[in-house]
Amino acid sequence: MLQNNMERLLVSSEPKADESLIGYVLRLTERNGYETPLWILEMVSPNYKDPHRAYALAFGPQEDVDKLARVIGIGRAKLACLTYPRVNHSDGVALHSYQGQAIPQHTIRQGYPKICPDCLSEASYCRRIWELSFITICLKHERLLIDECPSCNKRISLFRKHVGTCSCQFHWRDSPALPVKEPELRLAKYVYQLCGLLADENDSQELFPALQKLTLNDLLLALFFIAGQHRGISSATSKHLVSIGRNKDFHGTLIKAHTVFENWPNNYFRFLDERRIQERKATGNYPRMKSALYGEFGSFYSGLHGVLSGSQFDFMRGAFIDYITQKRIGDRRSSLRPQKLIRDSPDGPYVLKSDVRRLLGVDYGWINHRIRAGEVKFLVRNKGKKRLIFVDLINITKLKLAQNPC
Ligand SMILES: [Zn+2]
Ligand SMILES: [Zn+2]
């Protein structure tokens, strides 16, 4: 029964260093014989009656964290270690600190709890790392985390009575193992390593070097972007794809996205092949209004100079240029004769001046200067009343690289 006027919990306990804040409240719920963690949260503020508000506590509103510390009867500092303080903003995405790494708020998913049955069997408390959407496995036990009860198939709720037992009375420690092997472990190992959580140094993982130069936030941006492309959704919405489906599905999505960056650039090229087929199916035979590259790659192309416009993703743009050069994907729409001319040209592919600007991150002034100086090959085509300028992509890429080599 809820004791409204009770200021302090009868039974308290110290939080573990790697425990989730809400998970800690759940453990205290169990120890005090309460029905749900909401009872303790309501003692902090009636606002927390709404479960959605309860998640906000882990982002560290000082007043509420202080109050919770008083309710539990421990020092505030011990609780503050379990929060994800806000550190920054990046392109409209709030970033929060986890183990010294800035991660996007949308990857902290307390509302969709996951557990490792073996970890719970060893010590019955919820690990903070399970709250991160991109952690889909337990590295220690090399198994998938579970987010649904294997007995009643219901999604595990955060607002439950016990840490390790379902409302159907099933002990999750008895869940059948869903083992994962290399290469599925690689990405998680690397993330653990970045966060200083790798127990065994021999386990340290190296990713493809350009990927390894990225911050965790940028690595997630690239992975979520590719994952969104696989699922046919735009970069603007791809960050929300974790809310679709269960952990095991998201695990597959994430591993598939990471594979694109392995065996560089071969897997990436294969991904681009598939992406073109996908785009062709989506748009049929209707010509796109924009450049041929939009027509061929759709939202992948717009993302490449949109959400991935930072110079840290130049390696993706560079390999994309290599791909379209190899496949000779240029603009062939301007008229019948030029189509032949461009295709048969020993140079090229020729792409629109606006595409050169996007792909190389240069401005029109720079391109015009190269054209006027006679340094690049170009073609002029008329489209209605418009004059379109196509530039030899290989030629101008070489000039750009000579100017500032990678
Ligand atoms: Zn485990
Ligand atoms: Zn159950």
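**The four donor atoms around the zinc ion (ligand 1) subtend angles of 104 to 114°, so the arrangement is tetrahedral.** This is a predicted model, in which local features need pLDDT of at least 70 and side-chain atom pairs count only at pLDDT 80 or more, while totals for chains, interfaces and linings use all residues. Residues are numbered from 1 along each chain as its sequence is written, chains are lettered from A and ligands numbered from 1 in the order in which they are written, and side-chain values use heavy atoms, with hydrogens and water left out. Donors are N, O and S atoms within 2.8 Å of the metal (3.2 Å for Na, K and Ca); water is not among the atoms, so sites may look incomplete. Four donors count as tetrahedral if all angles lie between 85 and 135 degrees; four count as square planar and six as octahedral if opposite donors are over 155 degrees apart and all others between 65 and 115, and anything else is irregular. At this site the zinc ion (ligand 1) is held by Cys 116 (SG), Cys 119 (SG), Cys 138 (SG) and His 141 (ND1), at 2.1 to 2.3 Å. Along the chain, these donors have the spacing C-x2-C-x18-C-x2-H. Cys 116 is buried, at a relative accessible area of 0%, and Cys 119 is buried at 7%. (Buried means under 20% relative accessible area, exposed over 50%, partly exposed in between, with a 1.4 Å probe and protein chains only.)

**The zinc ion (ligand 2) has four cysteine SG atoms as its protein donors: Cys 149, Cys 152, Cys 166 and Cys 168.** They lie 2.3 to 2.4 Å from the ion. The angles among the four donor atoms are 105 to 116°, and the site is tetrahedral. The donor spacing along the chain is C-x2-C-x13-C-x1-C. Cys 149 counts as buried because its relative accessibility is 1%, whereas Cys 152, at 27%, is partly exposed.

**Strand S8 (residues 386–392) pairs in the antiparallel sense with S6 and with S7.** Helices (H or I, at least four residues) and strands (E, at least two) are DSSP runs, numbered from the N terminus. Two strands pair if DSSP finds at least two bridges between them. S6 (residues 350–352) meets S8 over three bridges, and the partner of Tyr 350 in S8 is Asp 392. S7 (residues 378–383) meets S8 over six bridges; here Arg 381 stands opposite Leu 388. Two residues separate S7 and S8 in a hairpin, and Gly 384 in its turn has a positive phi of about 60°. Five of the seven residues of S8 are buried, and the strand is mostly covered.

**Helix H18 (residues 364–372) has Trp 366, Ile 367, Arg 370 and Ile 371 buried.** These residues cover an arc of only 135° around the axis, which puts them on the same side of H18. The arc is that of the directions from the helix axis to the C-beta atoms. The buried residues pack against helix H17 (353–360), S7, S8 and helix H19 (393–403). After H18 comes Gly 374, with a positive phi near 75°.

**Ala 257 belongs to helix H11 (residues 247–259).** Ala 257 counts as buried, at 0% relative accessibility. Apart from residues up to four places away in sequence, Ala 257 touches Leu 223, Ile 226, Ala 227 and His 230. Contact means heavy atoms within 4.5 Å.

**Phe 208 sits in the loop between helix H7 (184–194) and helix H8 (209–212).** Beyond neighbours within four places in sequence, Phe 208 is in contact with Phe 261, Trp 264 and Phe 315. The C-alpha atoms of Phe 208 and Pro 265 are 9.9 Å apart, and the two residues are 57 residues apart along the chain.

**Salt bridges in the model number 19.** A salt bridge is a side-chain nitrogen of Lys or Arg within 4 Å of a carboxyl oxygen of Asp or Glu. Arg 27 and Glu 19 form one at 2.7 Å, N to O, and both are buried. Lys 161 and Glu 35 form another at 3.2 Å, N to O. Lys 161 lies in the loop between strand S5 (143–144) and H7, and Glu 35 in the loop between helix H1 (21–31) and helix H2 (38–44), so the pair ties together parts 126 residues apart in sequence. Lys 161 is partly exposed at 34% relative accessibility, as is Glu 35 at 41%. Arg 276 and Glu 296 meet at 2.9 Å, N to O. This pair links distant parts of the chain, 20 residues apart, with Arg 276 in helix H12 (residues 266–283) and Glu 296 in helix H13 (residues 292–297). Both Arg 276 and Glu 296 are buried. A network of salt bridges links Glu 182, Arg 186, Lys 189 and Glu 262.
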